[in-house]
Amino acid sequence: MESIPYLALISAVAALGLAFFFFNDVKKASPGNDRMVFLMNEISTGAKAFLKQEYTWVSAFAVVMAVLIAIVIDPFGAIAYLLGAVLSAGAGYAGMTVATMANARTTEAAKEGPAKALPVAFRGGAVMGFSVAGLALLGLMITYILFVTILEADAAFEIVTAYGLGGSTIALFSRVGGGIYTKAADVGADLVGKVEAGIPEDDPRNPATIADNVGDNVGDVAGMGADLFESYAGSIIAPISLVAFATALAADDIGDDALALLMFPIAIAFVGMIASIIGSFLVKGGDSTDSHALSRALHMGTNVAMGITVFATLGVAYWLFGGDTFDQPWGLAVSVIGGLIIGWALGKTAEYYTSDHFGPVKKIAQQSETGPATTVLGGISAGMVSVAASVGLILAGVGVAYWGGQQTFDSIGSLEGGLYGIAVAAIGMLATTGVVVSVDAYGPIADNAGGIAEMAELDPSVRDVTDALDSLGNTTAAVAKGFAVGSAALTALALFKSFEFAVNEAGGSLNLNVGEVDVFTGLFIGAGLPFLFAALTIDAVGRAAQEMIEEVRRQFREIPGLREGKEGVNPDSARCVAISTQASLKEMIIPGALAVVVPLVVGFISVNALGGLLAGALVTGFALAIFMANAGGAWDNAKKYIEQGNHGGKGSDPHKAAVVGDTVGDPFKDTSGPAMNILLKVMTIVSLVFASAFV
């Protein structure tokens with residue numbers, strides 16, 4: 001059993017080796033003509049400049065947090081925190097670098113059809129996927145081996161938890177900052193370009209087009225990568241911390257039973273990583289631009305990886321829990337497999353509500369015929385209905401995971417088998433993170449490829465191929481968000497229970513009776529916090545977009561010949577990039593700080609109020625995240641469905657109404673919604689790390 005962290009470490013190195021292999025594979029592909037290379041470099045330069053500034057701003061916050069952890073918890077905790085933060089930022093930067101390199105190469109490959117373009121886009125995304133999974137697991141195993149196994153530090157498991165907090169900090173700011181950037185540019189480009197000027201999406205005349213394409217990379221690639229880094233690391237840390245705090249483990253005194261429980265989530269991460277590596281080689285494009293055929297090709301890798309993980313999980317469970325202490329080893333395997341299936345089902349639910357092959361999106365497109373108001377109402381209702389389905393799935397997953405855990409053991413110390421089953425269900429959802437993120441990161445690359453095709457004025461057949469790839473990308477993004485938010489709910493529950501044990505271990509007593517005034521007060525603060533967070537981030541997008549819209553209008557008005565497309569007349573794209581950069585950096589501070597400061601303030605006033613806050617935030621935050629992600633995806637694909645020639649096609653009144661709906665949905669699905677699951681985990685993990693200080 002002691003060898004499992006080392007095996008996981010080797011699998012993480014293998015994932016990084018695969019990322020390097022795919023990087024070289026993408027680099028070999030032709031980037032196209034001079035105009036395409038110029039556009040690719042413009043997007044890359046803008047994205048790198050933004051990330052450099054963003055990480056500079058966030059590093060100041062990270063240093064303050066590290067000092068606080070060093071003083072209040074343990075100096076080693078500060079080291080682990082900074083390691084998590086640096087690796088999370090590194091994964092985002094690496095993935096974004098390759099994504100900006102893969103966009104023009106995907107466009108060039110699209111000249112030969114989807115069979116060539118799909119693998120280029122996927123392998124560009126796979127660099128992101130395996131950088132995220134590889135670095136997250138590598139850093140976590142280094143932290144575990146160093147502080148738990150070798151040094152046997154006094155606060156070993158608090159130190160491991162601090163690693164997760166470091167990743168969460170970067171994830172929150174990256175998601176919020178990147179999300180504000182990309183949606184400010186997207187909204188400005190769409191409203192002035194499509195609706196007012198009547199020019200196509202990604203038209204080279206539009207000054208905001210480059211900023212929009214930069215935004216896809218800093219928000220949907222770097223931000224999403226940091227998000228999944230944090231989710232993946234958190235899903236492994238949650239069951240480890242639950243075992244450690246429930247049984248009051250010391251690093252120098254871990255019995256065989258506790259060791260088996262600690263090793264199980266690490267072993268699942270190991271087999272999931274190997275399965276993802278195998279699955280990544282099975283994604284191959286066909287000759288058809290039909291979205292069903294493309295979807296089958298793209299999801300082949302994910303499905304194979306999930307299948308391998310299911311069988312490997314059974315083997316791991318029998319290996320670790322075959323002793324006399326445990327009853328039915330298959331029980332915890334059922335918990336993990338149940339989590340994996342529920343994660344897949346959440347993704348499929350998101351696909352149903354966001355794909356133009358199904359009723360909800362077609363209904364929104366039809367409602368566009370009567371104007372923007374009915375379009376917006378249709379998207380809101382579709383998003384809300386999807387919450388009910390997702391809540392039902394999560395409850396089913398919790399029930400199966402709890403039952404599975406009970407089959408393997410009733411309790412060890414204060415740790416119930418059912419609760420442990422729920423904790424490992426989250427790692428089941430994210431065991432195949434490498435290939436899931438690869439499929440998700442493929443979307444922004446395909447989107448950028450379409451933009452480059454339009455701006456480089458290539459043959460319309462190229463744009464047809466990239467549009468087919470891009471339409472699928474919206475759905476794959478919704479699927480990945482389903483995995484992320486589902487795991488967030490289960491991980492937050494496990495971390496919440498660990499927080500309760502940590503408070504009790506420190507000599508306090510956590511009371512969650514809602515009849516008590518402090519708990520009731522905390523419950524309402526927590527319930528309102530996700531709404532405040534969403535409002536702040538949507539407002540930030542609105543303000544930044546307003547500035548962008550005025551700038552685009554000014555350029556159309558003041559630069560002679562720009563709107564008419566006169567030869568030699570180019571827009572001032574750099575000004576639009578600067579507007580998005582400055583606005584997003586300024587606007588991300590308050591929402592980002594909210595997630596850390598509020599739990600600390602409430603925790604030092606009343607631990608019971610903090611318990612209520614975490615419970616309230618978990619419930620409303622989960623529902624809001626699902627609602628916003630699916631409503632936004634539905635609006636976006638309703639617009640694309642109309643652009644395919646339905647309900648009047650491009651330029652028609654229904655199309656303009658659908659663009660308005662898509663504009664409303666942009667901050668929903670790419671700023672506020674995705675950041676919500678990080679908000680939940682940041683608040684819970686901050687509470688856990690500082691639990692002893694509160695008491």
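1. Helix 11 and helix 19 are oblique to each other, a label for angles that are not under 35 degrees (roughly parallel), over 145 (roughly antiparallel) or 65 to 115 (roughly perpendicular). Helix 11 (residues 372–408) and helix 19 (residues 653–689) pack at about 45°, and their axes lie 8 Å apart. Axes here are lines fitted to C-alpha atoms over the stretch in contact, with angles from 0 to 180 degrees between N-to-C directions. Helices are DSSP runs (H or I, at least four residues), numbered from the N terminus.

2. A word on the basis: this is a predicted model, in which local features need pLDDT of at least 70, side-chain atom pairs count only at pLDDT 80 or more, and totals for chains, interfaces and linings use all residues. Residues are numbered from 1 along each chain as its sequence is written, and side-chain values use heavy atoms, leaving out hydrogens and water.

3. P372, T375 and V376 of helix 11 touch A657, A658, V660, G661 and V664 of helix 19, contact being heavy atoms within 4.5 Å. By class, there are 6 nonpolar, 2 polar and no charged residues; Ala, Val, Leu, Ile, Met, Phe, Trp, Tyr, Cys and Pro count as nonpolar, Asp, Glu, Lys and Arg as charged, and the others, Gly among them, as polar.

4. Do have a look at helix 7 (residues 256–280) and helix 12 (residues 417–430), which pack at about 20° with axes 10 Å apart. That angle makes helix 7 roughly parallel to helix 12. In helix 7, L261, F264, P265, I268 and A269 meet Y420, V424 and I427 of helix 12. This contact has 8 nonpolar, no polar and no charged residues.

5. Now the rings: the whole structure holds 19 aromatic pairs, meaning Phe, Tyr or Trp (six-membered) rings with centres within 6.5 Å, called stacked under 30 degrees between planes, edge-to-face over 60 and tilted otherwise. Y163 and F229 form a tilted pair, at 6.5 Å centre to centre and 45° between the planes. Y163 sits in helix 5 (residues 156–197) and F229 in helix 6 (residues 209–246), 66 residues apart. Y163 is buried at 1% relative accessible area, and F229 is buried at 0% (buried is under 20%, exposed over 50%, partly exposed in between, with a 1.4 Å probe and protein chains only).

6. Finally, ring pairs join F264, F321, F326, F409 and Y420 into a cluster.

Note on methods
Helices (H or I, at least four residues) and strands (E, at least two) are DSSP runs, numbered from the N terminus.
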